[in-house]
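I opened the structure and kept notes as I went. The entries follow in the order I made them.

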Amino acid sequence: MKSESMLATERMLDVVRILLDEVQPESLFVKILEVAKDVLHADAAVLDTGGENAIHLSNPEKVSISISAVKQAKLEKKAVVWNQLDDDSADLSKSIVQNQLTSIMVSPFRTPESEAGYLYLQRAAREEPFTEDDSALFDSFVMVCEKFAFAAFDRLRDKESLNVLRNVIRKDGIVYSSKAMSDLIALADKLAGLPMPVIIRGETGTGKEVIARYIHRHSPRADKPFIAVNCGAIPEHLMESLLFGHAKGSFTGAIETRKGFFEEADGGTIFLDEIGELPMNMQVKLLRVLQEKHITRVGDNREIPVNVRIISATHVDLEEAVKAKRFREDLYFRIQVMPVEMPPLRDRGQDVVLLAEEFLTRYGAEYGRGKFHLSRNAEKAMLSYHWPGNVRELENKVQKALVQAVHGVVQPADLGLGDVQSQAKESPRTLKEAREIVEREVIGRALSDSNANLTLAATILGIDRKVLREIMERLGMKKEDYKK
C-alpha cells in the first residue's frame, strides 16, 4: 500500500505537467496556488510574489496568516513547518490560537521581479499536522514552481521582443503586422473623431464589423449604443419595421409599440452591414433618414428625431450596382463620403499566422484543449493558401484544427490544408530559404548547360570555380546529377 507521501508525490508530478501548459505568469500563479492547496490538503493557501508589482492571491479570499512563520521561512530560505503543539514561540502561538490553526507550512517564493515573495499553507481544526515529509515535498514543489515562473517571464519577454522585431501590434483586440492593416488602422483613427458617414468595403469575411466597432469605440459616441444590422439577412417585409419601429396595431401581430434599430442606436452608431442588399424602396427611406435626421414608425405619422452615426459595409461593387439601377446614386453619394477598404487576408502576409495563433489561444482555452502551436509546415501552408473566405474562414479552420490536432501541434492536414502542403514546402519563409531556392535553380541550370563542367558553369555564373564548389557543398548539390 502506498504511503501518503508517495501518493502526494505522484499527485504533485501530475499537476507539474498541468503547470507546463501555463505560459502567462498570472495564470501560472493562480494554478500554483490551487495545486499546492489541493495536493497538500491545506484549508487555506496564500501566494504573494512581493516586489513593487506584487500579486497577492489567496484561497479562500480572506486568509489571516502568521507573519512570524513567513519571516522565519525567509530567514532560513527554505520551507518551514509550524505546529501548534510543538511551537514554543509566544507570538506564533498567539496567532495559531487566534486563528484556530493546527499547522502552518510556508516557503519563500522567488520570481524574476522579486525575492520577497512567499507561498503559505495552513490547516485548521485538524488532528494531522504538516509533517517533515510534507515540508520536503513542499520545498521541492516550490523550487520547481519558481523555475516555471522564471521560464514564464522569459517567454513573455521573448514574445514581446519578437513582436517588436516582427512589428506586431495589438490594438484594442486587433492584431497585425502588415502595412495594409497599419494603414487601415491609421485611417480608422482619423475617422473615429469625425461625424461623417463611413462605408467599409471589402470581401466577405475580412472583418468589416470589427473595424466598424473599432471606429465606434474610439469616437465621441463610444459610451452610446452600437447597433449592428445585417441588411442582407432581414426579410423585406420586416425590414422597415425593424429599422424604424412600429406603432401598436399597425399590422397583424403588432400588439405593442416598438422602437426600431435607429431609435435604439440614438446618440451612438448604427452599422448597416451588406447595405448593397437593401431593396430599392428601403433605399429611399434610408436616404430620407440621412437627409432629415428623423424616422417615422410603421403605422405612425409622428416624426421622431434620431442622432446616429451611420457606418455601412458591403462586398458588392456599388458602382456597378448604380449603373445597373440596383442601387440609388443619391444614396451612394451619401454613404460614400469616406470609403475604407478592407484588405483580403491573402494580402496581409504574416498577419495570417498572427491571427491563427490568437484563435488557437482563444479557442484552446474555450474548448478546454490547452495550449497549441502551429508547425512550420502549417505556417507555410497558410501563407500559400489564397483564403477566399478570409479571416472568417481562418477562424473556422483553426476551430476544426483544435479538434483534430494531437500532441499540442497543429499540422496542415488539421487545418484542411493538406493539399497545399506540397506547394507550401517550396514557398520560402525566410530570406535564407529564398536565396537557397534561387541559388539552387540558377546553379542547376548552369550545370545542365555545361554538362556538369564546373569551370564552364562558373564562367556562365560569373563566379570563381572555388566559390561555386563551396556553394554546391552548402546546398548539397552534386555535379554528377547534372551530367547528360
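Leaving aside its neighbours within four places in sequence, which residues is glutamate 263 in contact with? I listed Phe244, Ile295, Arg297, Ile304 and Val306. I note here that this is a predicted model.

**Entry: glutamate 263**

I looked up where glutamate 263 sits. Its place is in helix H9, residues 261–264. I then checked its accessibility. The relative accessibility of glutamate 263 is 12%, and the cut-off for buried is under 20%, so I count this residue as buried. I also took one distance, C-alpha to C-alpha.

**Entry: H8 and H10**

Next I asked which residues of H8 and H10 meet. From H8 I have Glu236, Met239, Glu240, Leu243 and Phe244. From H10 I have Asn281, Met282, Lys285, Leu286 and Val289. I sorted the residues of this contact into six nonpolar, one polar and three charged. I kept one rule in mind for reading such lists: an α-helix has 3.6 residues a turn, so residues three or four places apart point the same way.

**Entry: H13**

I moved on to helix H13, residues 351–366. H13 has 16 residues. From first C-alpha to last, H13 reaches 22 Å, close to the 22 Å expected at 1.5 Å a residue.

Which residues of H13 are buried? I found Asp351, Val352, Val353, Leu354, Leu355, Ala356, Phe359, Leu360, Tyr363 and Gly364. The helices are H6 (179–192), H14 (376–384) and H15 (390–404). The strands are S7 (174–176), S15 (373–374) and S16 (409–410). I also checked what comes after H13. Glycine 368 follows H13, and its phi is positive, near 70 degrees.

**Entry: whole chain**

I closed with chain totals. I count 19 helices and 16 strands. Of the 484 residues in the chain, 44% are buried. I also looked at contacts between residues at least 6 apart in sequence. Among these, 68% join residues at least 24 apart.

Key: Residues numbered from 1 in each chain as written. Predicted model: local features only at pLDDT ≥ 70, side-chain atom pairs only at ≥ 80, totals over all residues. Heavy atoms only, no water. Contact = heavy atoms within 4.5 Å. Helix = DSSP H or I, 4+ residues; strand = E, 2+ residues; numbered from the N terminus. Nonpolar A, V, L, I, M, F, W, Y, C, P; charged D, E, K, R; others polar. Expected span 1.5 Å × (residues − 1). Buried < 20%, exposed > 50% of the residue type's maximum accessible area, 1.4 Å probe, protein only.
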